[in-house]
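Below are my notes, point by point, for you to read alongside the model.

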Amino acid sequence: MQLSTRIVMTGAAFAGLAAPAAAQSIDLTVTIPRLNVAEYHRPYVAIWLEKAGVPAKTLAIWYDHDMKANEGTKWLRDVRQWWRASGRGLSFPADGITGATKAPGTHKVSVGAAALGAMTPGNYTLLIESAREVGGREVLKLPFVWPPKPGQTAAATGTTELGAVNAAFKR
Amino acid sequence: MKTGLLHAIAISAALLGATAAQAHRQWMLPSSTVLSGQSGWVTVDAAVSNDLFYFEHQPLRLGNVKTWAPDGSEVALQNPATGRYRSTFDVELKQQGTYKIVNAGGGIFGSYKENGTEKRLPRGVSAADIEKLIPAGATDVKLSESLSRNEVFVTLGAPTDTVLKPSGKGLELVPVTHPNDLVSGEAATFQFVIDGKPAAGIEIEVVPGGIRYRDQLGQMDMKTDAEGKVTITWPNPGLYWMSAEASDKNVSVKGAEQRRLGYVSTLEVLAP
């Protein structure tokens, strides 16, 4: 069981970004609840950033990325808020963003400077959306201000498809 | 386009239901309107019925149904079948972007009096046959023509605009808001045009699906503004049937007094 996901950008993707402050990061813990249901499949989970007036930025999408003929992408649209905000404009697998689905438990996600790119100052929302095959869907929103104050964090807890989500912002 | 119109005139009576008979609604219902993946399929149900979206009256005849791919090329219908109450067909989506599935056509309606008795021209009559069908000595000859369009939109991946361009013939929708980007609680704006020009002041009716399980129709009635536009704020997620009607005197059939224009579409509104 993989409990940690690092977002790694390739050299090509990195080269296209403005040089960000070296230390900036968003460190997340995302809890996928253990559900007592007859038929359980690990959820598709999307993590992305929104800011008024600029395109949404996907930080991670966990889905069945290793099926033959990329068939797992058929259900990406069920992560529907993310699909509309950002997903439908990406191609898959998405470099540095695609990850495997995760088992119930708490998962660490560290989004580094390269993945965040140039963060202009302002009000942001960090969104986490989970959609489960033959199950439900839930989205959590964590508003934050960039640049963050030292030690700035945000948290939210889901009620059905997501557990606690915590974020620590560093610049 | 002349040959296209002549061809369109020769279509079945069932197609005319959308404009000719208020009691019945013509619709097509895709299995999905927003899809992801490298390729995909949709299955479309097509019927003429009272309640939306239940097949309980007549199938929609598929002879005139066409599908346009995001690059503007035509895509063949697959696995078409027509049953007692509905037709069904599949469309394979091989390109990323927005597809349009259209059932467009027209017809001629006519009546005359012979020895004081009113008689009607048969449905599906062609322009060329009219003179033969109306006997010498007939009086009170009344002819009108109709042009109707039923279209639905399906998007694989990100929405595109190529198939949204109007043909310039009859009553058409020009989306301001993309028809596959509709979300409950948000406003969507659509422009209607007649022969490519803004259709001001025409009646638009929007009816939510699921009629069988409620007492009130719950329709929204609107009129287009001077630019032919209406704005609809979707009260709930779900399927909606949108219908527009208009009439004018821009006839193509000799002797016709009126041209009746109809447009219908099925729109899917997603939850936020």
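1. In chain A, among contacts (heavy atoms within 4.5 Å) between residues at least 6 apart in sequence, 67% join residues at least 24 apart. Please keep in mind that this is a predicted model, in which local features need pLDDT of at least 70 and side-chain atom pairs count only at pLDDT 80 or more, while totals for chains, interfaces and linings use all residues. Residues are numbered from 1 along each chain as its sequence is written, chains are lettered from A and ligands numbered from 1 in the order in which they are written, and side-chain values use heavy atoms, with hydrogens and water left out.

2. Chain A holds 3 helices and 10 strands, taken as DSSP runs numbered from the N terminus (helices: H or I, at least four residues; strands: E, at least two). Read from the N terminus, the order in chain A is β-α-β-β-β-α-β-β-α-β-β-β-β.

3. Chain A has 171 residues, and 46% of them count as buried (under 20% relative accessible area, with exposed over 50% and partly exposed in between; 1.4 Å probe, protein chains only). Its accessible surface is about 8,300 Å², with 55% belonging to carbon and sulfur atoms (Shrake-Rupley method, 1.4 Å probe; for residues, only the protein chains shown count as cover).

4. Now to the interface. Chain A and chain B bury about 1,100 Å² between them, and carbon and sulfur atoms give 40% of that; buried area is the accessible area (1.4 Å probe) that two parts lose on being put together, summed over both. On the chain A side, A:Arg77, A:Arg84 and A:Arg88 lose the most area to chain B, together 51% of what that side buries. The contact draws on 14 residues of chain A and 15 residues of chain B.

5. There are 3 salt bridges between chain A and chain B (a side-chain nitrogen of Lys or Arg within 4 Å of a carboxyl oxygen of Asp or Glu). A:Arg88 and B:Asp181 meet in a salt bridge through their side chains, at 3.2 Å from N to O. Helix H2 (residues 80-85) of chain A supplies 4 residues, the largest share of the side of chain A that touches chain B. That side has 5 nonpolar, 3 polar and 6 charged residues, where Ala, Val, Leu, Ile, Met, Phe, Trp, Tyr, Cys and Pro count as nonpolar, Asp, Glu, Lys and Arg as charged, and the others, Gly among them, as polar.

6. Two cis peptide bonds deserve a look. A:Trp146 and A:Pro147 are joined by one, with omega about 5°, and A:Pro147 sits in the loop between strand E8 (137-146) and strand E9 (153-157) of chain A. In chain B, a cis peptide bond joins B:Leu52 and B:Phe53, with omega about -5°; B:Phe53 lies in the loop between strand E3 (40-49) and strand E4 (58-59).

7. Lastly, is B:Ser87 buried or exposed? B:Ser87 is buried, with a relative accessible area of 0%, and belongs to strand E8 (residues 87-93) of chain B. Its side chain reaches the backbone oxygen of B:Leu60 at 2.6 Å. Leaving aside residues up to four places away in sequence, B:Ser87 touches several residues, including B:Val44, B:Ala46, B:Pro59 and B:Ala81.

Note on methods: A polar contact is a pair of N or O atoms within 3.5 Å; within protein, one must be able to donate a hydrogen and the other to accept it, and residues adjacent in sequence count only if both atoms are side-chain atoms.
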